[in-house]
Amino acid sequence: MAITTAMLAKFKRDLLCGAHHFSQSRAFTCTSSSTTTITGISPAIAEATPIYVGEAVSGANISANTFVSRILSSTSIQLNQAPSAAITAFTVVGDTFKMALIKVGMAGTYGASSTGYSDITGNSDEVSGTGYTAGGQAMTNVDPVASSPSAYTTFSPNPSWTSASFSTAGCMIYNSTQNGPIANAGCSVHDFGGTQTVSSGTFTALMPVAAVGTAILQIT
Amino acid sequence: MKVGFLITNGGPHPADKWAEITAETILDMLVDANPDDDTPAAAAARKAKRDLRPKLFDVLNSHHEGVQKVERSTLASKANMTMAEAAVHAVTNLDPEPHKPGVMDDVNKVLAQTPWADHFAKPEVQEHLWKIIGQHTVDVMHIERRWHHDRLSAAQGA
């Protein structure tokens, strides 16, 4: 079938529902606390050092699946669950986005109407080969940028597969953190313009320059 | 939102392939005025762009070679790294800033000799230039570290 480079319609809907967190990892200190209310946060929550509701929280004494449930003030947040013991520091991070590669001769059709990673697995369309792990590669978030009248985000470093031997025809960027109705919700699909083959080497997917008009994911 | 790709068989991408990609991405920033015109001004602009390509390539090839050399030297001094440590190292502290002054100085010297010198000297264009060069520098570092991890993995039979 085929791949048509596109931002998925369902991704746009999910953005409107707040289902994707692209923020990069950021560390904070706080007043010692063992309750769900965290105070004395430093640096203060601000444009340059943001915290968003729904972001994952990690650190010593912080249980898995802890997230920010409310912003109480510029120096205080509420978590969905209390730490197991007092904390004086924590890290917030956005969701985990991955790039999965689509095989040559795919059975499915990929474009704006695609749903997510399950489209690839449902059609048995994922690349297999040396150096490629099913699910694709986790990427590192870079804080979204507001550049009037647009906003955009990217990932860095560019995803690379090393010691790799496979062929691919395109890719899908998806969110492996579930915040909405479906798991592994898709963001965008990208056509590589034909068969691309690597042999015992390196395959790097090159994101376009992170700027207005070119960034991999942008709202204009 | 077009995703490009870089493929190298048999190892990491060599510096010259990175230099080509970085140079072409910078050249893409140039919006020629009336590029299809048969006028002396348009012809001069096309010639300047043709002349710029190899000069940019040389500067960037030297830069990426230097980054690889630093990474390989650092990794060689960390031969006792565990695989877990190497995996973490591949994605943390990928800081291109130490390389910035040298490469930006060299690139700006080349760009200063073009008809677009004033354009490239603007702060916002300088920022954009570093986005391109810095990103590829991060990628060079990342890939060297991933190959180090792969070699450790192969040596340990994992």
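1. Starting with a loop: G111(A) sits between β10 (109-110) and α2 (117-122) of chain A. Helices here are DSSP runs of H or I with at least four residues, strands are E runs of at least two, and both are numbered from the N terminus. This is a predicted model, in which local features need pLDDT of at least 70 and side-chain atom pairs count only at pLDDT 80 or more, while totals for chains, interfaces and linings use all residues. Residues are numbered from 1 along each chain as its sequence is written, with chains lettered from A and ligands numbered from 1 in the order in which they are written.

2. Beyond its neighbours within four places in sequence, G111(A) contacts T4(A), A6(A) and V189(A); contact means C-beta atoms, placed from the backbone, within 7 Å. G111(A) and V189(A) are 78 residues apart along the chain, yet their C-alpha atoms are separated by 6.2 Å.

3. On to the cores. The largest nonpolar core holds 60 residues, and A100(A), I102(A), C171(A), M172(A) and Y174(A) touch the most other members. Such a core is a set of buried Ala, Val, Leu, Ile, Met, Phe, Trp, Tyr and Cys residues joined through C-beta atoms within 7 Å. A second, separate core has 14 residues, including F28(A), I51(A), A56(A) and I77(A).

4. I77(A) also turns up as the bridge partner of I38(A), in β7(A). That strand (residues 76-79) pairs with β4(A) in the antiparallel sense over two bridges; pairing requires at least two DSSP bridges. The open, antiparallel sheet runs β4-β7-β6 in chain A, with β4 (37-38) and β6 (68-73) as edge strands, each pairing on one side only.

5. In chain B, have a look at α1 (residues 15-27) and α2 (residues 40-76): their axes come within 7 Å and cross at roughly 135°. Axes are lines fitted to C-alpha atoms over the stretch in contact, with angles from 0 to 180 degrees between N-to-C directions. α1(B) and α2(B) are therefore oblique to each other (under 35 degrees is roughly parallel, over 145 roughly antiparallel, 65 to 115 roughly perpendicular, the rest oblique). Among the contacting residues are W18(B) of α1(B) and F57(B) of α2(B).

6. Finally, the A/B contact takes 29 residues from chain A and 28 residues from chain B. On the chain A side, β14 (160-175) and β15 (185-206) give two or more residues, and β15(A) makes the largest share with 13 residues.

Key
Buried ≥ 20, exposed ≤ 12 C-beta atoms within 10 Å, placed from the backbone. Contact = placed C-beta atoms within 7 Å.
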